[in-house]
Amino acid sequence: MSSARTAPADDGPAALTPEQQESRRAWFRDHWTKGVAFNAHCGMTVQRWDPDGVSIGLPFADHLSAHEGVFHGGVISALIDTTGSAAVIAGHDFNKGSRLTTISLSVNYFSVAPGEGAVAEARCTRRGGRVHFAEVTVRSESGKPLAQGLVAVSVGGRRPGLPE
């Protein structure tokens with residue numbers, strides 16, 4: 001029989017309180033439109049942000065177009081990525097980390113709506129230990145379906161700049 005003693009198990013950092021969880025969600029909501037330069041440049045605005053889903057608006061602007069009056073497809077793809085990732089983080093348990101990375105994105109385009117802005121709505125459909133999935137629908141301001149997407153996001157580690 002060995003006389004070596006084992007150190008007590010390291011339980012890791014203390015779990016975040018509900019107030020700390022909410023504080024991080026609020027920080028990410030604000031960061032999404034003001035702290036992410038691309039989102040701010042495009043004019044994205046959060047219209048809804050809660051654990052059940054997220055809506056983000058994108059006004060039409062000529063510098064976001066592919067052809068006169070029509071969004072560039074890459075901008076719609078970026079809106080899907082942004083909104084799907086937001087849906088994941090809006091209901092995320094920050095005890096599992098706060099640094100997120102898109103690991104997969106698929107987009108199906110349906111139509112265009114000349115001169116109209118777009119609104120993307122997303123909900124997280126599966127929360128895993130590290131990988132989470134969201135479904136996103138994009139419609140014109142008048143409600144015309146423009147695109148649909150699926151986003152897979154990995155969340156782990158600590159995001160730099162996130163306040164305690």
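Entry 1: I started with Glu135, which forms a salt bridge with Arg123; the closest N and O atoms are 3.5 Å apart. This pair links distant parts of the chain, with Glu135 in strand E7 (residues 131-140) and Arg123 in strand E6 (residues 118-127), 12 residues apart. I kept in mind that this is a predicted model. Next I looked up the accessibility of both partners. Glu135 has a relative accessible area of 37%, so I noted it as partly exposed. Arg123 comes out at 44%, so it goes down as partly exposed too.

Entry 2: Which residue forms a salt bridge with Glu22? I found Arg25, with the closest N and O atoms 2.9 Å apart. Are the two partners buried or exposed? Glu22 counts as partly exposed because its relative accessibility is 47%. Arg25 has a relative accessibility of 13%, and therefore I wrote it down as buried, the cut-off being under 20%.

**Entry 3: another pair in helix H1.** I then turned to Asp30, which forms a salt bridge with Lys34, the closest N and O atoms being 3.0 Å apart. Here again helix H1 holds both residues, and they sit 4 residues apart, about one turn of the helix. Asp30 shows 38% relative accessibility, so it counts as partly exposed. Lys34 reaches 64% and is therefore exposed, since the cut-off for that label is over 50%.

A reminder to myself on why I look for such contacts: side chains of opposite charge can pair when their charged atoms come close.

**Entry 4: the tally.** How many salt bridges did the count give? It came to 4. I have written up some of them here, including Glu22 with Arg25, Asp30 with Lys34 and Glu135 with Arg123.

**Entry 5: cysteines.** I also ran a search of the whole structure for disulfides, and it found 0. Cys42 has a relative accessible area of 3%, so it is buried. Cys124 is at 18% and is buried as well, because that value is under 20%.

Technical notes
Residues are numbered from 1 along each chain as its sequence is written. This is a predicted model: local features need pLDDT of at least 70, side-chain atom pairs count only at pLDDT 80 or more; totals for chains, interfaces and linings use all residues. Side-chain values use heavy atoms; hydrogens and water are left out. A salt bridge is a side-chain nitrogen of Lys or Arg within 4 Å of a carboxyl oxygen of Asp or Glu. Buried means under 20% relative accessible area, exposed over 50%, partly exposed in between (1.4 Å probe, protein chains only). Helices (H or I, at least four residues) and strands (E, at least two) are DSSP runs, numbered from the N terminus. A disulfide is a pair of cysteine sulfur atoms within 2.5 Å.
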